[in-house]
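Biologist: I am new to this structure. Could you show it, and then guide me through the two chains?

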Amino acid sequence: MAESFKRLHAIGAEFDTTSAIYHAAEKVRDAGYTNWDCHTPFPVHGMDKAMGMKKSWLSAFVFACGLTGFITGLLLVTVTSFGLYPTIVNGKPNDWTHGAGAMQFFFPVMYELTILFSAFGAVFGMIIRNGLPKFHHPLFNWSRFAKATDDKFFIIIESSDPMFSETKTKAFLDSLGGKHITPVFDHE
Amino acid sequence: MSDHHHIPQAEKFDAKKGAKLKGLFLGAAGVGLVGAGATFVMSPTLGAHAWLFAFFYFFTVLVGCFFWNCLHHATDSEWSVVVRRQIENLASLLKYIGVFFIPIALCTTILYAWFTADPKTDILLAGTKSAYLNKPFFWARALAFFGLLFLLPNILRKRSMAQDKDGAASHTFTMRKAAIAGIPTLAICLTFAGIDWLKALNHHWYSTMWGVYLFAGAAGASMALIVLTCKWLQSQGYLKPVTEEHYHLMGKFLFAFTVFWAYIGFSQYMLITYANIDEETIYFRVRNTGSWNYLSMFLVFGRFFFMFVPLLFQGLKKSRGIIFCASWILFMQFVDLFIIIMPEVSPNGFSFAGLIATIFPWLGIAGCLGLLFLKHLGQACVFPTKDPRLAESLKFTN
C-alpha cells in the first residue's frame with residue numbers, strides 16, 4: 001500500500017497562537033486561495049474578515065422559511081375558519097368578507113408557525129450548508145489534527161483549489177510560519 | 001487580535017458646532033411653551049392632557065436611556081463603552097424632568113377624576129382601591145420617583161466623568177453597583193408612574209400589563225434617540241470610532257424592542273378581549289371605535305409591521321437607513337402615547353385640535369431638554385476616554 005496511490009486531499013499547517021493564524025489567514029486570502037479553511041479550538045473574532053468570507057446565504061434561507069411559515073399559518077387559519085368549516089366563536093365574523101376583522105385572534109398561529117419554520121430553516125439550513133451528516137473526513141487521517149479541539153490552530157488548503165500546487169503551497173505555508181506542514185491523503 | 005487599536009484622543013464638543021441646533025431648540029422651546037400656555041387658557045382640559053402627553057413622552061424616553069445605561073454596567077458590556085457618554089448625557093436629563101411635572105401637579109383635579117371623588121360614595125374607588133389612589137400616597141410616590149431618578153443617573157454620569165480624569169477601575173465597580181440598584185428602581189418607577197399618571201386617567205380601568213407595555217415602548221424609543229444622537233455627533237465630526245458594527249448592534253436592539261413591543265401590546269390586547277370584563281375592555285372599546293380605530297391600526301402597522309421587515313436586514317442597520325428607522329420609531333412613540341392619553345379628552349373620535357394641542361408642549365419640552373442636553377454635551381468628553389474597556393469597545397465586531 002504505497003502512499004502515492006492515495007488521492008491528495010489537502011496540505012495542512014499548524015499554528016500556535018490566534019494572532020499567528022489570524023495574520024496567516026489574511027495572507028492566504030490575499031494570495032488568492034479560495035478553497036481553504038481555518039480550524040481553531042474556539043471562535044476567533046474577525047476571522048471571517050481575515051479569511052475574506054462573504055456573508056452566508058443562511059439568513060436569506062431563514063427569511064424565506066419564516067415567510068413560508070407565516071403564509072402557512074395565514075392559510076391554515078383562514079381556509080379552515082372562513083372556508084372549510086366556518087364557526088362562530090365569541091360572535092366574531094367568520095366569512096371571507098368580514099373575517100379580517102377577527103384576524104387579530106389568529107395572530108398567535110401565524111406567529112408560532114413563522115418562528116417554527118424559521119428555526120427549522122436555521123438548523124437544517126446550517127446542516128445542509130455544512131455538508132452534514134458526514135461519517136468521515138480525510139482530515140481525520142492526520143493525527144495532529146486532533147489538537148484543533150485542544151490548543152492548536154490549523155490552516156488547511158485543499159487540493160481542489162485552482163491555485164493549489166503541492167510544492168508551491170507547501171512552501172507558501174512554510175513562509176507563513178506554519179509548523180508540521182503535512183500533506184493529508186484521502187482513503188482509497 | 002494582537003493588532004493594538006489606537007486609543008483616540010479625548011475630544012470635547014465645541015459649542016460653536018451646536019449653535020444652529022441651539023437656535024432650533026430655543027425656538028422650539030419658545031413656540032412650544034407659549035402654544036401650550038395658550039392651549040391651556042382656551043381649554044384647560046385639553047391643555048392639561050396635552051402637557052401630560054408631552055411630559056410622559058420625554059419621561060419614558062429618558063427612563064429608557066437610563067435603562068440602557070444601567071444595562072451596560074450590569075451586564076459589563078464591551079460594545080457600548082464608546083457610546084456610553086451620550087447615554088449618560090441623555091439619562092441624567094432625568095434630574096430636570098421633575099420641573100416639567102409641575103403643570104401636571106397643578107392640574108391633578110382636571111386630569112384625574114379620582115382626585116375629587118369621595119371614596120365613600122364613588123363606587124369605582126370603593127374597597128381597596130382607595131388604599132392606593134389617595135392624595136398623600138400619590139404625592140409621596142411622585143416624590144420618590146423623581147428623587148430616585150434624580151439620584152441614580154446622576155451618580156452614573158458623575159462617576160463616569162471622574163473616570164475620565166484618573167482612569168481608576170474603582171469607578172467602574174461603583175457604577176456597576178449603582179446600575180444593578182438602578183434596574184429594579186427604574187422598573188418600579190416606570191410601572192407605578194404609568195399607573196399613577198396614565199392609567200389613573202380612568203381609574204375604572206385595569207390592565208396587568210401596563211408597566212411592561214410602557215417599558216417596551218420606552219426602551220425602543222430611547223435606543224432610537226441614542227442612535228440619532230450618535231449619528232448627529234458623527235455628522236459634526238465627533239465620535240469617529242463608532243463604526244457600522246456599533247450601529248448594527250443598536251439596530252438589533254431597535255428590532256428586538258419592535259418585536260417586544262408588539263408581543264407585549266398584543267398580549268395585553270388578547271388578555272383583555274378574551275376575558276371580556278367591563279373594567280378592562282373599556283380601554284379598547286374607546287380606542288377601537290370610529291376614527292380612533294384607524295389610528296390604533298396605524299399604530300399596529302406602523303410601529304410593528306413597517307419596522308419589522310426593514311430591521312431584519314443587516315445592510316440597513318449598517319447604513320444610513322437606520323436614521324430613518326430610528327426617527328420613525330420616535331414618531332411611533334408619539335402616536336402610541338397619543339392613543340393612550342388623548343381619547344380621554346375626546347372619547348368619541350380623533351380631533352385635529354387635540355393633535356395640534358399635543359405638538360406645542362412636545363416642542364416646548366423637547367426644546368428645553370435639548371438645550372440642557374447641549375449643556376451636558378459640553379461638560380465632558382464625547383466618549384469615556386479612560387474607561388478600561390474602551391479598546392475592546394472600539395474593535396467590536398458582531
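Modeller: Two strands pair if DSSP finds at least two bridges between them. Helices (H or I, at least four residues) and strands (E, at least two) are DSSP runs, numbered from the N terminus. The model is predicted: local features need pLDDT of at least 70, side-chain atom pairs count only at pLDDT 80 or more, and totals for chains, interfaces and linings use all residues. Residues are numbered from 1 along each chain as its sequence is written, while chains are lettered from A and ligands numbered from 1 in the order in which they are written.

Biologist: Which residue stands opposite A:Asp37?

Modeller: A:Asp37 faces A:Ile156, which lies in E3(A). The strands E2(A) and E3(A) (residues 153–158) pair in the antiparallel sense, over four bridges.

Biologist: In what order do the four strands of the sheet in chain A come?

Modeller: The order is E2-E3-E1-E4 in an open sheet, with antiparallel pairing. Strand E2 (36–39) and strand E4 (179–185) of chain A are the edge strands, each pairing on one side only. From one strand to the next, the twist averages 20°. Angles here run from 0 to 180 degrees between N-to-C directions, and axes are lines fitted to C-alpha atoms, for helices over the stretch in contact.

Biologist: Which strands does helix H1 of chain A touch?

Modeller: Helix H1 (residues 18–31) of chain A packs on the sheet and touches strand E1 (8–15), E2 and E3 of chain A. Its direction makes about 20° with that of E3(A). Contact means that the C-beta atoms of two residues, placed from the backbone, lie within 7 Å. Helix H5 (residues 166–175) of chain A lies across E1, E3 and E4 of chain A, at about 10° to E1(A).

Biologist: How many helices and strands does chain A have?

Modeller: Chain A has five helices and four strands, and from the N terminus on its elements run β-α-β-α-α-α-β-α-β. Its radius of gyration is 26 Å, well over the 16 Å that the globule rule gives for 188 residues, so chain A is more spread out than a compact globule. That radius is taken over C-alpha atoms, and the rule is 2.2 Å times the number of residues to the power 0.38. Of the 188 residues of chain A, 24% are buried, a residue being buried if 20 or more other C-beta atoms lie within 10 Å of its own, exposed if 12 or fewer, and partly exposed in between, with C-beta atoms placed from the backbone.

Biologist: Turning to chain B, how many helices and strands are there?

Modeller: Chain B has 16 helices and zero strands. Its radius of gyration is 21 Å, which agrees with the value near 21 Å for a compact globule of 398 residues. Along the principal axes, its C-alpha trace spans about 70 × 40 × 40 Å. Buried residues make up 41% of the 398 residues in chain B.

Biologist: How many residues of helix H3 of chain B are buried?

Modeller: Eleven of the eleven residues of helix H3 (residues 81–91) of chain B are buried, so this helix is largely enclosed by the rest of the structure. Among them are B:Arg84, B:Arg85 and B:Glu88.

Biologist: At what angle do H7 and H8 of chain B cross?

Modeller: The axes of helix H7 (residues 135–166) and helix H8 (residues 170–197) of chain B cross at roughly 155° and come within 9 Å. H7(B) and H8(B) are therefore roughly antiparallel to each other; angles under 35 degrees count as roughly parallel, over 145 as roughly antiparallel, 65 to 115 as roughly perpendicular and the rest as oblique. Residues in H7(B) that meet H8(B) include B:Phe138 and B:Phe145.
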